Amino acid sequence: ADVKLRADDEVLFAHKCLLASQSPVFRAMFDREMLESKTSVIDMRDVEAKTLKYFLEYLYTGTVDGMDDKMALNLLIVADKYQVSSLVEKCSTFLKSALNFDNVLSILLVADLVNYEPMKVFIIEYIVENSSEVLSLPNWPQWMKMNSLIASEVLLKLSCKFDSNFKKKYVESVLETSKEASLSPVNSQKKELVAGSSKEVLKQSQELW
(Lines give C-alpha, C1' and ligand atoms only; values in the text may rest on other atoms or scores of the structure.)
Protein backbone atom coordinates (compact mmCIF):
# COMPACT_ATOMS: atom_id res chain seq x y z
CA ALA A 1 0.00 0.00 0.00
CA ASP A 2 1.23 3.48 -0.83
CA VAL A 3 -1.68 5.74 0.13
CA LYS A 4 -3.83 6.24 3.21
CA LEU A 5 -7.52 7.14 3.20
CA ARG A 6 -8.75 8.79 6.37
CA ALA A 7 -12.45 8.82 7.32
CA ASP A 8 -13.75 9.74 10.75
CA ASP A 9 -11.04 8.43 13.09
CA GLU A 10 -10.04 5.47 10.93
CA VAL A 11 -7.22 5.15 8.43
CA LEU A 12 -7.44 2.61 5.61
CA PHE A 13 -4.61 1.64 3.28
CA ALA A 14 -4.85 1.37 -0.50
CA HIS A 15 -2.80 1.47 -3.69
CA LYS A 16 -2.62 4.60 -5.83
CA CYS A 17 -2.51 2.64 -9.07
CA LEU A 18 -5.72 0.79 -8.19
CA LEU A 19 -7.57 3.94 -7.11
CA ALA A 20 -6.41 5.80 -10.22
CA SER A 21 -7.53 2.98 -12.50
CA GLN A 22 -11.03 2.96 -11.01
CA SER A 23 -11.70 6.66 -10.45
CA PRO A 24 -10.91 9.67 -12.68
CA VAL A 25 -11.05 11.84 -9.57
CA PHE A 26 -8.34 9.86 -7.79
CA ARG A 27 -6.32 9.76 -11.01
CA ALA A 28 -6.44 13.55 -11.24
CA MET A 29 -5.34 13.85 -7.61
CA PHE A 30 -2.24 11.77 -8.22
CA ASP A 31 -1.42 13.12 -11.69
CA ARG A 32 -1.53 16.75 -10.59
CA GLU A 33 0.53 16.10 -7.46
CA MET A 34 -2.10 17.62 -5.23
CA LEU A 35 -1.57 17.85 -1.48
CA GLU A 36 -3.10 14.41 -1.05
CA SER A 37 -0.66 12.98 -3.57
CA LYS A 38 2.40 14.54 -1.96
CA THR A 39 1.53 13.43 1.56
CA SER A 40 0.04 10.06 0.55
CA VAL A 41 -2.90 10.81 2.84
CA ILE A 42 -6.37 11.55 1.51
CA ASP A 43 -8.87 12.98 3.97
CA MET A 44 -12.32 11.67 3.05
CA ARG A 45 -14.11 14.28 5.13
CA ASP A 46 -17.52 13.68 3.59
CA VAL A 47 -17.49 9.86 3.88
CA GLU A 48 -18.18 7.71 6.91
CA ALA A 49 -15.59 5.05 7.70
CA LYS A 50 -18.06 2.21 7.17
CA THR A 51 -19.02 3.56 3.76
CA LEU A 52 -15.37 3.96 2.81
CA LYS A 53 -14.73 0.30 3.63
CA TYR A 54 -17.55 -0.76 1.30
CA PHE A 55 -16.28 1.67 -1.34
CA LEU A 56 -12.78 0.21 -1.24
CA GLU A 57 -14.19 -3.30 -1.26
CA TYR A 58 -15.92 -2.50 -4.53
CA LEU A 59 -12.87 -0.83 -6.07
CA TYR A 60 -10.73 -3.88 -5.30
CA THR A 61 -13.20 -6.70 -5.95
CA GLY A 62 -16.01 -5.30 -8.09
CA THR A 63 -18.56 -6.51 -5.54
CA VAL A 64 -20.18 -5.30 -2.32
CA ASP A 65 -21.33 -7.90 0.20
CA GLY A 66 -24.19 -7.24 2.59
CA MET A 67 -25.38 -4.01 1.02
CA ASP A 68 -28.74 -2.66 2.20
CA ASP A 69 -30.71 0.31 0.89
CA LYS A 70 -29.19 2.83 3.31
CA MET A 71 -25.64 1.74 2.47
CA ALA A 72 -26.54 1.85 -1.22
CA LEU A 73 -27.56 5.50 -0.77
CA ASN A 74 -24.23 6.25 0.91
CA LEU A 75 -22.30 4.48 -1.82
CA LEU A 76 -24.29 6.16 -4.58
CA ILE A 77 -23.22 9.58 -3.33
CA VAL A 78 -19.56 8.55 -2.98
CA ALA A 79 -19.52 6.76 -6.34
CA ASP A 80 -21.01 9.82 -8.01
CA LYS A 81 -18.46 12.16 -6.43
CA TYR A 82 -15.51 9.97 -7.42
CA GLN A 83 -17.03 9.15 -10.83
CA VAL A 84 -17.10 5.38 -10.43
CA SER A 85 -19.87 4.86 -12.96
CA SER A 86 -20.11 1.09 -12.55
CA LEU A 87 -20.79 1.50 -8.82
CA VAL A 88 -23.34 4.23 -9.51
CA GLU A 89 -25.16 1.78 -11.77
CA LYS A 90 -24.86 -1.04 -9.23
CA CYS A 91 -26.30 1.11 -6.43
CA SER A 92 -29.05 2.35 -8.71
CA THR A 93 -30.02 -1.19 -9.70
CA PHE A 94 -30.06 -2.28 -6.06
CA LEU A 95 -32.15 0.70 -4.93
CA LYS A 96 -34.66 0.17 -7.73
CA SER A 97 -35.15 -3.41 -6.57
CA ALA A 98 -35.45 -2.30 -2.94
CA LEU A 99 -37.89 0.54 -3.64
CA ASN A 100 -40.94 0.65 -1.36
CA PHE A 101 -43.31 3.16 0.18
CA ASP A 102 -41.07 3.66 3.21
CA ASN A 103 -37.96 4.69 1.27
CA VAL A 104 -39.21 6.04 -2.07
CA LEU A 105 -39.06 9.73 -1.11
CA SER A 106 -35.63 9.40 0.48
CA ILE A 107 -34.22 7.62 -2.55
CA LEU A 108 -35.76 10.13 -4.96
CA LEU A 109 -34.23 12.99 -2.98
CA VAL A 110 -30.73 11.50 -3.20
CA ALA A 111 -31.15 10.60 -6.89
CA ASP A 112 -32.12 14.21 -7.54
CA LEU A 113 -29.30 15.64 -5.43
CA VAL A 114 -26.67 13.66 -7.36
CA ASN A 115 -28.58 14.38 -10.58
CA TYR A 116 -28.80 10.76 -11.70
CA GLU A 117 -31.54 11.07 -14.30
CA PRO A 118 -32.24 7.38 -15.13
CA MET A 119 -32.91 6.65 -11.48
CA LYS A 120 -35.05 9.77 -11.06
CA VAL A 121 -37.21 8.78 -14.02
CA PHE A 122 -37.67 5.26 -12.67
CA ILE A 123 -38.67 6.47 -9.19
CA ILE A 124 -41.07 9.10 -10.49
CA GLU A 125 -42.75 6.44 -12.62
CA TYR A 126 -43.01 4.27 -9.51
CA ILE A 127 -44.73 7.13 -7.69
CA VAL A 128 -47.13 7.67 -10.59
CA GLU A 129 -48.03 3.98 -10.67
CA ASN A 130 -48.56 3.96 -6.90
CA SER A 131 -49.86 7.49 -6.51
CA SER A 132 -52.70 6.76 -4.10
CA GLU A 133 -50.31 5.11 -1.63
CA VAL A 134 -47.44 7.58 -1.99
CA LEU A 135 -49.62 10.69 -1.79
CA SER A 136 -51.17 9.27 1.37
CA LEU A 137 -47.81 8.97 3.13
CA PRO A 138 -47.68 11.12 6.30
CA ASN A 139 -44.43 12.78 5.20
CA TRP A 140 -45.55 13.55 1.62
CA PRO A 141 -46.89 17.11 2.29
CA GLN A 142 -43.73 18.14 4.16
CA TRP A 143 -41.45 16.48 1.58
CA MET A 144 -43.26 18.27 -1.25
CA LYS A 145 -42.93 21.62 0.52
CA MET A 146 -39.22 21.16 1.29
CA ASN A 147 -38.30 19.87 -2.18
CA SER A 148 -40.36 22.04 -4.49
CA LEU A 149 -38.38 21.52 -7.70
CA ILE A 150 -38.41 17.74 -7.77
CA ALA A 151 -41.96 17.78 -6.36
CA SER A 152 -43.02 19.82 -9.39
CA GLU A 153 -41.62 17.13 -11.69
CA VAL A 154 -43.57 14.48 -9.79
CA LEU A 155 -46.80 16.49 -9.88
CA LEU A 156 -46.51 17.16 -13.60
CA LYS A 157 -46.18 13.43 -14.24
CA LEU A 158 -49.10 12.74 -11.94
CA SER A 159 -51.28 15.26 -13.74
CA CYS A 160 -51.12 13.14 -16.90
CA LYS A 161 -52.71 10.21 -15.09
CA PHE A 162 -55.97 11.84 -14.08
CA ASP A 163 -58.99 13.45 -15.73
CA SER A 164 -59.27 17.17 -16.43
CA ASN A 165 -60.47 18.09 -12.93
CA PHE A 166 -57.54 16.32 -11.32
CA LYS A 167 -55.17 17.78 -13.89
CA LYS A 168 -56.31 21.27 -12.98
CA LYS A 169 -55.72 20.52 -9.31
CA TYR A 170 -52.22 19.17 -9.88
CA VAL A 171 -51.20 21.90 -12.30
CA GLU A 172 -52.20 24.43 -9.65
CA SER A 173 -50.08 22.52 -7.14
CA VAL A 174 -47.14 22.59 -9.56
CA LEU A 175 -47.47 26.34 -10.01
CA GLU A 176 -47.63 26.82 -6.25
CA THR A 177 -44.59 24.65 -5.54
CA SER A 178 -42.69 26.31 -8.38
CA LYS A 179 -43.28 29.71 -6.79
CA GLU A 180 -41.90 28.37 -3.52
CA ALA A 181 -38.90 26.72 -5.19
CA SER A 182 -36.71 29.81 -5.27
CA LEU A 183 -37.45 30.43 -1.59
CA SER A 184 -36.90 26.85 -0.45
CA PRO A 185 -33.69 26.50 1.61
CA VAL A 186 -33.30 22.92 0.40
CA ASN A 187 -33.48 23.87 -3.27
CA SER A 188 -31.34 26.98 -2.92
CA GLN A 189 -28.59 24.93 -1.27
CA LYS A 190 -28.91 21.93 -3.56
CA LYS A 191 -25.66 22.41 -5.45
CA GLU A 192 -23.76 23.11 -2.26
CA LEU A 193 -25.09 19.91 -0.72
CA VAL A 194 -24.04 17.82 -3.70
CA ALA A 195 -20.59 19.38 -3.80
CA GLY A 196 -20.24 19.19 -0.04
CA SER A 197 -20.76 16.57 2.60
CA SER A 198 -22.48 13.29 1.79
CA LYS A 199 -23.35 13.16 5.48
CA GLU A 200 -25.46 16.30 5.07
CA VAL A 201 -27.22 14.87 2.02
CA LEU A 202 -27.98 11.62 3.80
CA LYS A 203 -29.15 13.44 6.90
CA GLN A 204 -31.89 15.05 4.82
CA SER A 205 -32.96 11.79 3.23
CA GLN A 206 -32.88 9.81 6.47
CA GLU A 207 -35.09 12.35 8.21
CA LEU A 208 -37.78 11.24 5.77
CA TRP A 209 -37.08 7.50 6.15
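What follows is a chat about reading the sheet, a helix pair and a few side chains in a predicted model.

Colleague: Let's start with the sheet. How many strands does it have, and in what order?

Modeller: In general, the strands of a sheet pair through backbone hydrogen bonds, either parallel or antiparallel. Here you have an open sheet of 3 strands in the order S2-S1-S3, and the pairing is mixed. S2 and S3 are the edge strands, each pairing on one side only. On average, neighbouring strands are turned by 25 degrees against each other, ignoring direction.

Colleague: Which residues of S1 lie on its covered face?

Modeller: Val3, Leu5 and Ala7 do, while Lys4 and Arg6 are on the uncovered face.

Colleague: Now the helices. What is the angle between H8 and H11?

Modeller: H8 (residues 117–129) packs on H11 at about 50 degrees, and their axes are 9 Å apart. Roughly parallel would need an angle under 35 degrees and roughly perpendicular 65 to 115, so this pair counts as oblique. The crossing of H8 past H11 is right-handed.

Colleague: Where does Ser148 belong?

Modeller: Ser148 is part of H11, which covers residues 148–159. Buried means under 20% relative accessible area, and Ser148 is at 0%, so it qualifies. Its side chain also reaches the backbone oxygen of Lys145, at 3.3 Å.

Colleague: Last one, since I always check cysteines. How many disulfides are there?

Modeller: A disulfide is a covalent bond between the sulfur atoms of two cysteines. This structure holds 0 of them.

Colleague: Then is Cys17 buried or exposed? And what about Cys91, buried or exposed?

Modeller: Exposed means over 50% relative accessibility, so Cys17, at 62%, counts as exposed. Cys91 has a relative accessible area of 0% and is therefore buried.

Conventions. Residues are numbered from 1 along each chain as its sequence is written. This is a predicted model: local features need pLDDT of at least 70, side-chain atom pairs count only at pLDDT 80 or more; totals for chains, interfaces and linings use all residues. Side-chain values use heavy atoms; hydrogens and water are left out. A disulfide is a pair of cysteine sulfur atoms within 2.5 Å. Buried means under 20% relative accessible area, exposed over 50%, partly exposed in between (1.4 Å probe, protein chains only). Helices (H or I, at least four residues) and strands (E, at least two) are DSSP runs, numbered from the N terminus. A polar contact is a pair of N or O atoms within 3.5 Å; within protein, one must be able to donate a hydrogen and the other to accept it, and residues adjacent in sequence count only if both atoms are side-chain atoms. Axes are lines fitted to C-alpha atoms, for helices over the stretch in contact, and angles run from 0 to 180 degrees between N-to-C directions. Angles under 35 degrees count as roughly parallel, over 145 as roughly antiparallel, 65 to 115 as roughly perpendicular and the rest as oblique. A crossing is left-handed if the near helix is turned anticlockwise from the far one by less than a right angle, and right-handed if clockwise. Two strands pair if DSSP finds at least two bridges between them.
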